Each structure stands twice: as structure tokens, then as C-alpha cells.
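Please read it beside the sequence and the coordinates.

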Amino acid sequence: MPEPLDGRSAALVGRDAEAIEVERLLREHRLVSVVGPGGVGKSALAADVVRRMLPGPWAAVAATDLAGLETPGQVPHWMACALRLWGRPRLAEVAGDRPRLPVVDTCEHLAEAVGDRPTLLVVDTCEHLAEECADVLVRLVEACAGMHVLVTSRVPLRTPAGYPLPPLAPEAAATLFSRAALRFGASVTPESELARRICTSLDGLPLAVHLAAGGLAHRTPDELLPFVSRLRHVLDLTSPVTPLPSRQRTLRASLSWSHRLCTPDERLLWARCSVFDEPFTLRDALAVCSDEWLAASPLVTAFAGLAAQSVITPEPPPHPAAFRMPRVTRAYGRQRLELLGEEDEFERRCAAWCVSGR
């Protein structure tokens, strides 16, 4: 099975219920998007769902990662390369004496190549081409009766079914942490309560848990908790073993990828909302974060955008209509706020708003 699925499902922990539900959705709807923040484990879940669906009647099983695709209009060709299906290609013009390459340049050509053969395709990292991917895949699945596609994205896609993937529950995160530590060769692993505290400080984000587990190569478990509590340092922590795409080798790289997807207003609001260390509402954000550079109407739109991209996440009861910014995401936003020179101003505004009773 081609990358990016190789080995991803092997380290999956605490996701059985999610995998069963996504498999059910995929068999029923044939096109499903798994959506969540960077590092939450979307690719690993997709790999596990594919593993569960094998063996099967599939004439082709393939995966493709669109992270490296920057040119709009090439999504059909990218998928054709993954499936090694060419249909009726045209020839791409290539300078010099190099041979010209076959290109599937339309969704119709791709659908013709796939036909009605049972095909299972994973399309990873679609967020930067969300609209084009959704359009191509919806048309492809409608045209090909045997086509099943599982998509991962940091932003919602217009697909027949979507599955929002949350971070791990504390117990599952602690189990993942302990297993990753052993895989990375740690001589001592933390006892369960300490592991839970470490993972809770990282919001149960699997990528953060893996990176923190790698830190046991240089620190004792007792030293690791205060280290991961200083989130500015954790942003640049790297895994000593696990090969990952460049956008996931550090938390900073993962968050930078998400930051690039944001509009200018969303980036500004991300930075300013980092001053909230407790759950906050849209009303709070309007009171603290709006000014002549980010007026009320654009702020409301940006707030919805940050929520759609899981930069801020809804709080469960008893916090109606409240959101929070995960701690690592908040640390990244706080550094952006410092770079803007606005940290003191918006800390002061947040403190004054909280004292006023909100």
C-alpha cells in the first residue's frame, strides 16, 4: 500500500469506536471526510479504516497526500498517479529531450479510467485545496459506482458524510504516550498518573504526545512534566525516531501549516484570542479583540473560520456557546501576538473585561 498509509495504523491507540464509525460511513456513503486539527491522527485513522476494509473486492487500493500539490487544476492527475490509472490521457509538454508524460487533466478522464471497478482511495491533506477536492471527489464517486474515497482535512469539506475527529481521551493518550516512549527506547516510562498529567497538558493531541514521548530520551519522567508545561519549548520539540512529513515534525510546523490556511483576519484573531486562558464566547472576543483593525463584522466571520478549522474548539456544558483554544495552539498564537507588538495591550483588555464581570 503506497504512502502515506504505510505503518500509520500500527501506532493507533484508543480509536476503535471512531474507526468502526468511519468504516460504516464509508461503506454507506462512499465519500467521507475526516476533519480535525493538525496532529489529531486523521491519517492514522484513515490507515486503520483501510486495514479493516481489507481484504475486500477491491481492484485497486491506493493513497495520495496532496500536501505537495500547489497548482490548482491538477487534483485529477494527482489521483490518477496514485491509482496508476490513465484512461484517455493527453500528453504534457515537457521541455528538452525528456519524454512527455501522460496526464489525466479532467475529472471526466479520471472517472473513465476508474470505471465501475471497486476502488478504495485515501486522499490525505486536502485542506489547502478544499473546494477543488470536494468538487472532483463528489463527481468522481457519482460517476464510478464502485469508488470509495476517504479524505482527511483540517477544514470541513462538502462531502456526503463528515466525521470530526477529536483529541484522545486522557486514558487513551496516556497509553499512547507509554507505548511511544517504549518504542523510542526510553529506559524509564512514567507511572500512569504522571503520564495522564503530561498528556492532559498537551490536550491529548496525538502528535504532541508522540513528540513529548521522544523527550524521554533526554529527560526523566519527573523532568518532562514541567518541560511540556512550558509550551514555548514544546513547539519546537522533535521526535527522535518517527518519520513524519515536514509539516508534522514539530508542533510549530504543524501549526504554521494551519496558520497559512487562515485569512488575515483569522490570523489576527488567533493571536488576540490567545490572551484567553479560560473558555470564552464570541461576545468575549468582540469585547476584547475588536478594534479599528478588526471590526465587529469581520471578527464574527473570522471567529467562525477559526472554529471550522479547530483553532478554537467548543466547550461542553456547563459552558453554553463557549469555546477554548487548545494550550499548544494558544502558545503559538501568543508568540504571533508578541511579534505583532500587541501582547501587553490585549492582556490588559482581557484582564479588564474579566474584572468587569463579562
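Which unit do β5, α5 and β6 make, and is it right-handed or left-handed?

1. β5, α5 and β6 make a β-α-β unit that is right-handed; a crossover is given that hand if, with the strands pointing away from the viewer, the path from the first strand over the helix to the second runs clockwise. Helices (H or I, at least four residues) and strands (E, at least two) are DSSP runs, numbered from the N terminus.

2. On provenance, this is a predicted model, in which local features need pLDDT of at least 70 and side-chain atom pairs count only at pLDDT 80 or more, while totals for chains, interfaces and linings use all residues. Residues are numbered from 1 along each chain as its sequence is written, and side-chain values use heavy atoms, with hydrogens and water left out.

3. As for the whole chain, the protein has 16 helices and nine strands, and 53% of its 358 residues are buried, where buried means under 20% relative accessible area, exposed over 50% and partly exposed in between (1.4 Å probe, protein chains only). Of the contacts in the protein with a separation of 6 or more, 75% are between residues 24 or more positions apart, a contact being heavy atoms within 4.5 Å.

4. The strands of the unit belong to an open sheet of five strands with parallel pairing, in the order β2-β5-β6-β1-β7; two strands pair if DSSP finds at least two bridges between them. The edges are taken by β2 and β7 (161–164), each with a single partner strand, so one side of each is left without a neighbour in the sheet. On average, neighbouring strands of this sheet are turned by 15° against each other, direction ignored; axes are lines fitted to C-alpha atoms, for helices over the stretch in contact, and angles run from 0 to 180 degrees between N-to-C directions.

5. Taking β5 in detail, its pairing with β2 (residues 60–65) is parallel and extends over six bridges, among them those of alanine 60 with threonine 119 and of aspartate 65 with aspartate 124. β5 and β6 run parallel and are joined by five bridges, including leucine 121 with valine 149 and valine 122 with leucine 150. Six of the six residues of β5 are buried, so the strand is largely enclosed by the rest of the structure: Thr119, Leu121 and Val123 point one way, Leu120, Val122 and Asp124 the other way, and all are buried.

6. For β6, seven of the seven residues are buried, so this strand too is largely enclosed by the rest of the structure. Both of its faces are covered, with Met147, Val149, Val151 and Ser153 buried on one side and His148, Leu150 and Thr152 buried on the other. Five bridges also join β6 to β1, the two running parallel, and serine 33 stands opposite valine 151 of β6.

7. Helix α1 (residues 16–29) lies across β1 (31–35), β5, β6 and β7, and runs at about 170° to β7. α5 packs on the sheet and touches β1, β5 and β6, its direction making about 165° with that of β6.

8. Helix α4 (residues 107–114) has six of its eight residues buried, so it is largely enclosed by the rest of the structure. The buried residues of α4 are Cys107, His109, Leu110, Ala111, Ala113 and Val114, and they pack against α3 (75–83), β5 (119–124), α5 (130–143) and β6 (147–153). After α4 comes glycine 115, whose phi is positive, near 65°.

9. Finally, the axes of α4 and α5 come within 9 Å and cross at roughly 35°. This crossing of α4 and α5 is right-handed, the term applying if the near helix is turned clockwise from the far one by less than a right angle, and left-handed if anticlockwise. Cys107, Glu108, Leu110 and Ala111 of α4 make the contact with Val136, Arg139, Leu140 and Ala143 of α5. The residues of this contact divide into six nonpolar, no polar and two charged, where Ala, Val, Leu, Ile, Met, Phe, Trp, Tyr, Cys and Pro count as nonpolar, Asp, Glu, Lys and Arg as charged, and the others, Gly among them, as polar.
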